[in-house]
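Subject: Structure for you to look at

Hello,

Please open the structure below and keep it on screen while you read.

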Amino acid sequence: MSVETDIIDALRTIIDPDLGKDIVSAGFIHDLKVEGKKASFRIVLTTPACPLKAEFEKKARKAVLDLPEVDEVDVTMDAKVQSAKRKIESLPDVKNVIAVASGKGGVGKSTVAANLALALKNKGATVGLLDADVYGPSMQIMFNVSGMPAKGANDKILPLRALGIDLISLGFMLPPNAPVIWRGPMVHGLLKQFLNDVEWGELDYLILDLPPGTGDAQLTLVQEAPITGAVIVTTPQDIALRDAVRGLEMFRKVDVNVIGIVENMSYFACPHCGEKTAIFATGGGSRTAKELGVPFLGEIPLEEAVRQAGDSGQPVVERDPESAAAKAFEKFAEQTAAQVSIIVNSGKDD
Ligand SMILES: Nc1ncnc2c1ncn2[C@@H]1O[C@H](COP(=O)(O)OP(=O)(O)OP(=O)(O)O)[C@@H](O)[C@H]1O
Ligand SMILES: [Mg+2]
């Protein structure tokens, strides 16, 4: 048997629990080379935000170094985001669309959408963010950008770029504080334009920040976009959780996958002593997720830094990456990316 075969067999012992396959069968191993007693290969994951990245690297290194024929190993970690099958023709290069939604207003959708986009970008993904909340756009504030987007080739609208994210928001185009009054068909048309007439280019993830609620407007938006899956944002209060359930039912009704539930403003972490206080009780989000049979994507603490950062034009993941909230957003982004890979791999996005 060749050394290469031994290495492949050793790597077969490492299982990706999300895909339920070993990392060789999952197609993660590339460019295996052996020179003398030195082996090198790349592990190409389905997302750069894979929560198990460090673990895979460590296990692969150990499994190969345990072989008597090898005494040096060079592992390169890489990722290639897979493309969902559910697409619209005008966006052939947008691999996945993630909607951020909630049944209730003010629970932190826009904050979650902005920090999700940044956390995924920081892991190495290419990310766009579409502010689909045409009634109350907020990305112009969260990213501190404004101005009429330019037109590029074929008269396509070019997104504005801030903090490494491609952005489109109605807020860029309106004077501040202008009331936004739209009738249903106009909203429909506007969102269609944001999807079809914008030069999004190649994106691993396009994040949609949806308006609150589960009414007709949201239904239209959801049906207009080829959504790979939806993240439902809730807070721990009962009422918000009931709204989360309603949101989830809406997505199921129109056959959109639910990526999972994230609980925002989960607890207050005292900035002085670090003690956690569950202001709105605790555990509701994870309990609801369990009851509904959807993944629980994480808990984001209530932290003044989150609000300050959002108002300052630099979301907390960018402005205060060491804060508890930024760390929580990062973990949540990893869970979200992992669930998107699971949806795409299982063919559930068809
Ligand atoms: N974890 C948090 N800690 C502290 N403040 C937060 C947190 N999450 C959100 N906020 C603040 O709460 C307010 C509402 O958040 P955000 O605008 O993201 O909610 P939303 O669900 O998008 O609201 P809407 O339904 O109006 O679109 C903002 O001022 C935001 O900075
Ligand atoms: Mg919002």
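Some ground rules. This is a predicted model, so local features need pLDDT of at least 70, side-chain atom pairs count only at pLDDT 80 or more, and totals for chains, interfaces and linings use all residues. Residues are numbered from 1 along each chain as its sequence is written, chains are lettered from A and ligands numbered from 1 in the order in which they are written, and side-chain values use heavy atoms, with hydrogens and water left out.

**The ligand site**

Start with ligand 1. Around ligand 1 there are 17 residues. A residue counts as near if one of its heavy atoms lies within 4 Å of the molecule. G106, K109, S110, T111 and P301 come nearest.

Now look at the polar contacts. A polar contact is a pair of N or O atoms within 3.5 Å; within protein, one must be able to donate a hydrogen and the other to accept it, and residues adjacent in sequence count only if both atoms are side-chain atoms. In the side chain of T111, an N or O atom is 2.5 Å from an oxygen atom of ligand 1. K109 places a polar side-chain atom 2.8 Å from an oxygen atom of the ligand. V107 uses its backbone: a polar atom there is 3.1 Å from a ligand oxygen.

How much of ligand 1 does the protein cover? On its own, ligand 1 has 630 Å² of accessible area, and the protein covers 78% of that. Accessible areas come from the Shrake-Rupley method with a 1.4 Å probe; for residues, only the protein chains shown count as cover.

Helices (H or I, at least four residues) and strands (E, at least two) are DSSP runs, numbered from the N terminus. Helix 3 gives the largest share, three residues.

By class, the shell has seven nonpolar, six polar and four charged residues. Here Ala, Val, Leu, Ile, Met, Phe, Trp, Tyr, Cys and Pro count as nonpolar, Asp, Glu, Lys and Arg as charged, and the others, Gly among them, as polar.

T111 sits in helix 3. Is T111 buried or exposed? T111 is buried, because its relative accessible area is 18%. The cut-offs are under 20% for buried, over 50% for exposed, and partly exposed in between (1.4 Å probe, protein chains only). Leaving aside neighbours within four places in sequence, T111 is in contact (heavy atoms within 4.5 Å) with M142, V306 and F329.

V233 lies in strand 11 (residues 229–234). V233 is buried too, at 2% relative accessibility. Residues up to four places away are not counted here; the contacts of V233 include V107, K109 and V112. V233 and V112 are 121 residues apart in sequence, but their C-alpha atoms are 7.8 Å apart in space.

**Salt bridges**

Side chains of opposite charge can pair when their charged atoms come close. A salt bridge is a side-chain nitrogen of Lys or Arg within 4 Å of a carboxyl oxygen of Asp or Glu. The count comes to 13 salt bridges.

- D78 and R42 meet at 2.6 Å, N to O. The pair links distant parts of the chain: D78 is in strand 5 (residues 72–79) and R42 in strand 4 (residues 38–45), 36 residues apart. D78 is partly exposed at 33%, and R42 is partly exposed at 25%.
- D31, R42 and D78 are linked in a network of salt bridges.
- R61 pairs with E57, with the closest N and O atoms 3.1 Å apart. The two are four residues apart in helix 2 (residues 53–65), so about one helical turn separates them.
- D9 pairs with R12 at 3.8 Å between the closest N and O atoms.

**Two positive phi angles**

Last, check two loop residues. N144 is not a glycine, yet its phi is positive, near 50°. N144 lies in the loop between helix 4 (139–142) and strand 8 (160–162). N144 counts as exposed, at 58% relative accessibility. L163 is not a glycine either, and has a positive phi of about 50°. Find L163 in the loop between strand 8 and strand 9 (165–169). L163 is partly exposed, at 25%.

Best wishes
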